[in-house]
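This report goes through a structure with an eye on how its chains meet. Please have the sequence and the model at hand.

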2 protein chains.
Amino acid sequence: MTLGTPAVPAAASSINLAERLSRFSELWMPKKIADLNDYEVKITKLKGEFIWHTHEDTDELFIVISGLLTIQLRDGDVTLAPGELYVVPRGVEHCPRADEETAILLLEPAGVANTGDAGGERTAVLETLR
Amino acid sequence: MTLGTPAVPAAASSINLAERLSRFSELWMPKKIADLNDYEVKITKLKGEFIWHTHEDTDELFIVISGLLTIQLRDGDVTLAPGELYVVPRGVEHCPRADEETAILLLEPAGVANTGDAGGERTAVLETLR
């Protein structure tokens, strides 16, 4: 853009989940792909087991895109195949696990850490994929 | 449940989008399938053209599950295939259209009418699918 030229807004376009997923390979590192008011739409690749943690102030929506996600809860497991979703209620301790590489969409308020109350070395810095 | 027997919470289980979609056939009538804090996760079947309307106070997330969705905007169209999403920003007039039967997931704050500021006979009463 030349100095003084008005910015031309880019034409609106869709966000393709497979295309966004093709742009990274790190596991357990959520990437923001869209904002929805003060919520963030994120995608993540998972394999193995995360850590037990709780989000005291918010529910958390998981939608599985590919693979198989087990959300371990203290009362039992919830297993999600592609096209399945689950909302972990606020205050409920959980630990995601994926025995094969799995891709998910996450939706929760902006600023929620992936490790919730647990913190620690697996806390991710959120990157945005535009 | 026998009177006096404590309620036993149902085991947590996933929500399968295809199963929920198989339970209704009406078009343009969103069904709530989950709550996320004060937001609602909804699914809808669409075919044909909706009406031009605006949500002045909220963004609106569309994710296409099957079919093909065109979100008409005054500046041009956004077309979404399965696995694609788009957030209509608050205050942006839009008119969804689907030339073939299309199933979508919608996410927005509770209480948002499908017809936004336009109102009228196509305003849906939200039903919940459990």
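## A bridge between the chains

A:Ile15 has B:Leu85 as its bridge partner, a residue of β7(B). This belongs to an antiparallel pairing of β1(A) with strand β7 (residues 84–88) of chain B, made over two bridges. Strands count as paired if DSSP finds at least two bridges between them. Helices (H or I, at least four residues) and strands (E, at least two) are DSSP runs, numbered from the N terminus.

## Basis of the model

This is a predicted model, in which local features need pLDDT of at least 70 and side-chain atom pairs count only at pLDDT 80 or more, while totals for chains, interfaces and linings use all residues. Residues are numbered from 1 along each chain as its sequence is written, and chains are lettered from A and ligands numbered from 1 in the order in which they are written.

## The contact between A and B

Chain A and chain B contribute 28 residues each to the contact; two residues are in contact if their C-beta atoms, placed from the backbone, lie within 7 Å. On chain A, at least two residues of this side come from each of β1 (15–16), α1 (17–21), β2 (31–36), β6 (76–80) and β7 (84–88).

## Chain A as a whole

Chain A has one helix and nine strands, in the order β-α-β-β-β-β-β-β-β-β along the sequence. Its C-alpha atoms fill a box of roughly 60 × 30 × 25 Å along the principal axes.

Among contacts in chain A with a separation of 6 or more, 67% join residues 24 or more positions apart.
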